[in-house]
Amino acid sequence: MQAAYFPFYSTKHTDRMIFAERMTNFLLIHFEILYRRYISLPAELKLAKQYFGENIRDFEEVERNMSLLICNYDPLLSFPLALAPNIVPAGGLHIEPVKPLPVDLKKIVEDAQEGLVIFALGSYFRSDQLSITKRTAILDAFAKLPQTVLWKFESEITDLPKNVFVRKWLPQNDLLGNCKTKLLITHGGALSTQEAMYHGVPVIVVPFFIDQHANGEKLADRRMGKVRSSTIPCTVKI
């Protein structure tokens with residue numbers, strides 16, 4: 001049974017669960033099944049009927065009769081899972097060949113004699129939403145590094161250490177593909193995790209919710225990264 005060996009997507013479990021973890025896993029998986037069947041899917045179907053009319057098929061029937069599902073499951077990072085023939089794992093499909101960097105970033109990278117650290121928390125969580133205390137702790141830690149740090153920060157920020165540069169957006173895949181990149185500090189989203197794995201860049205995961213915790217633990221389990229609490233700033237050593 002899948003619940004006995006494949007961890008629920010938002011837990012920190014591995015595929016080597018003890019009995020208590022398997023019980024928790026079983027309850028979470030079946031709670032979600034019941035929630036979707038009796039709460040989520042009926043609400044979605046009701047909304048769909050408002051826009052597409054009453055004569056649409058039940059969503060459970062649609063799921064049972066799908067011809068093809070291309071999903072963001074990555075067999076290299078995730079644990080072994082039996083998939084039906086109509087389910088195709090395509091984790092990492094979004095990764096493209098490395099493109100040239102914009103002129104300003106290219107100069108920063110070329111001047112980074114000790115290497116480069118990328119700090120990006122994805123598109124959902126904004127770095128400028130961090131408290132002043134956390135920002136200060138992070139910048140104090142970065143100031144002690146010999147490496148150059150590129151931080152995806154969505155608004156203006158002052159008093160940066162001389163080795164820290166901020167941009168509202170970063171071409172993350174292109175930066176990870178650069179030979180000077182030594183580390184990615186990330187929230188642990190699936191796409192960022194896959195990009196770091198593809199380019200062979202070590203990762204520090206600072207997870208906030210849902211699958212980010214699980215992705216971080218998988219990286220740590222495979223010795224490709226470490227996990228740090230999003231509530232506790234840490235000193236980074238490279």
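Modeller: Buried means under 20% relative accessible area, exposed over 50%, and partly exposed in between (1.4 Å probe, protein chains only). I39, with a relative accessible area of 47%, is therefore partly exposed. This is a predicted model, in which local features need pLDDT of at least 70, side-chain atom pairs count only at pLDDT 80 or more, and totals for chains, interfaces and linings use all residues. Residues are numbered from 1 along each chain as its sequence is written, and side-chain values use heavy atoms, with hydrogens and water left out.

Colleague: Which residues of helix α3 are buried?

Modeller: Helices are DSSP runs of H or I with at least four residues, strands runs of E with at least two, numbered from the N terminus. In α3 (residues 103-111), L105, I108 and V109 are buried. They fall within an arc of 95° seen down the helix axis, so they line one face; the arc is that of the directions from the axis to the C-beta atoms. V103 and K107, on the other side of α3, are exposed.

Colleague: How many aromatic pairs does the structure hold?

Modeller: Rings of Phe, Tyr and Trp (its six-membered ring) pair if their centres lie within 6.5 Å; planes under 30 degrees apart count as stacked, over 60 as edge-to-face and the rest as tilted. The structure holds eight such pairs. The planes of F6 and Y73 stand at 50° with centres 6.5 Å apart, so this pair is tilted. F6 and Y73 are both buried. F125 and F208 are stacked, at 4.2 Å centre to centre and 20° between the planes.
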